Amino acid sequence: MTATGPRTTPGAVDVVALGESMVTFLPTRPGRLADVPSFDRSIGGAESNVACMLAAAGHSARWVSRVGDDGFGDHLVETIGAYGVDVTAVRRDPARPTGVYFRTAGDRATDAHEVAYYRAGSAASAMSPATVDLPAARAGRVLHLSGITAALSADCLGLLRELTAPRPGRPLISFDVNHRSRLWRDGEGAAVLLELARAADVVFVGEDEAEEAWGVTGGPEAVRALLPEPGLLVVKEGARGATLFGANRAPSPGTFVPALTVDVVATTGAGDAFAAGFLSATLRGLPPRQRLRHGHLWAAAALTVPGDLATPPARDHADRLAALDGTAWGTLRLGPGWTAATEGADEEERTP
């Protein structure tokens with residue numbers, strides 16, 4: 001890895017994202033799951049979200065996973081492929097189903113939110129070094145993984161350990177910690193996530209999840225002290241912003257960029273969008289501050305739509321906004337539909 005971005009391998013795609021995607025059922029109106037009469041079908045998956053947004057932005061992206069030999073598996077492969085993602089390495093499992101989940105219309109951050117997962121024994125939970133196309137997974141400039149996959153099964157954890165192990169020609173490993181305490185039943189989650197994060201090149205972790213998983217308090221610098229190994233460490237600080245620690249592992253305050261003011265529709269998928277925006281800027285060799293700003297802008301795209309997936313802003317539009325001076329960036333306010341803005345709309349997006 002270099003300070004400007006990942007090295008290029010001849011014939012490689014820009015990003016490979018490996019992980020489970022599920023068919024998502026979103027309620028047609030607010031209320032308890034017990035009361036909602038009907039649902040709209042969508043898709044959800046941290047890694048496939050990243051792949052879809054990157055492909056929509058013009059990067060070459062591949063999704064590697066397993067789905068059931070069923071209609072839901074067809075829907076996932078067709079929908080993700082329609083974003084321009086290469087799905088040729090997705091394998092079908094005739095004995096295990098595609099995972100699905102239902103959620104209420106409320107914000108996931110509230111106690112009123114309900115999620116019902118039906119993913120135990122899914123096709124994706126059977127991913128392992130023996131059941132995944134490893135050459136296809138490794139044929140990217142960046143390989144994006146998350147802690148969710150490691151929690152699905154012992155085989156999935158073995159796969160992530162295989163992919164993150166040091167080896168000649170290993171792609172740049174991007175790892176989103178994505179701590180989900182409900183997925184870890186054996187109490188080993190914290191140690192496993194720390195192990196995988198330390199083996200990665202680029203790590204995304206929320207300040208709140210670092211405290212929940214590892215008991216780390218004291219701000220981004222404390223998280224960096226726990227994770228000195230990754231060449232790039234992004235500590236997300238919620239509505240405050242995010243801090244990037246770079247390849248210089250000597251003690252430093254890092255690069256901080258405040259978050260944008262956003263008229264939030266739903267928070268689902270914002271973390272995946274941030275990772276996609278940051279990786280897009282990294283692939284382009286943009287400087288640290290611009291990488292964080294693109295992460296914030298892509299997260300804003302997800303925050304202003306109701307589903308898991310959002311269309312990223314056009315590159316020229318995002319570049320103009322990312323180039324604003326500090327005062328203009330601080331007064332920027334984004335709402336639903338902002339990604340469709342055209343040339344000259346920057347002024348209209350600023351808070352009066």
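Here are some questions and answers about helix contacts and cysteines in this predicted model.

Reader: Which class has eight residues in the contact of helix 1 with helix 9?
Author: Helix 1 brings Ala46, Asn49, Val50, Met53 and Leu54, while helix 9 brings Asp272, Ala273, Ala275, Ala276, Leu279 and Ser280. Sorted by class, two of these residues are polar and one is charged, and the eight are nonpolar.

Reader: What is the handedness of the crossing of helix 10 and helix 11?
Author: Helix 10 covers residues 288-303 and helix 11 covers residues 315-322, with axes that come within 10 Å and cross at roughly 120°. The two helices are therefore oblique to each other. On the helix 10 side, Gln290, Arg293, His294 and Leu297 meet Ala318, Asp319, Leu321 and Ala322 of helix 11. The handedness of this crossing is right-handed.

Reader: Is cysteine 52 buried or exposed?
Author: Good one to check with a cut-off: buried means under 20% relative accessible area. Cysteine 52 has 0% relative accessibility, so this residue counts as buried.

Reader: How many disulfides does the structure hold?
Author: A disulfide is a covalent bond between the sulfur atoms of two cysteines. To count as one here, a pair of cysteine sulfur atoms must lie within 2.5 Å. For this structure, the number of disulfides is zero.

Conventions: Residues numbered from 1 in each chain as written. Predicted model: local features only at pLDDT ≥ 70, side-chain atom pairs only at ≥ 80, totals over all residues. Heavy atoms only, no water. Contact = heavy atoms within 4.5 Å. Helix = DSSP H or I, 4+ residues; strand = E, 2+ residues; numbered from the N terminus. Nonpolar A, V, L, I, M, F, W, Y, C, P; charged D, E, K, R; others polar. Buried < 20%, exposed > 50% of the residue type's maximum accessible area, 1.4 Å probe, protein only. Axes fitted to C-alpha atoms, helices over the stretch in contact; angles between N-to-C directions. Parallel < 35°, antiparallel > 145°, perpendicular 65-115°, else oblique. Left-handed = near helix turned anticlockwise from the far one by under 90°.
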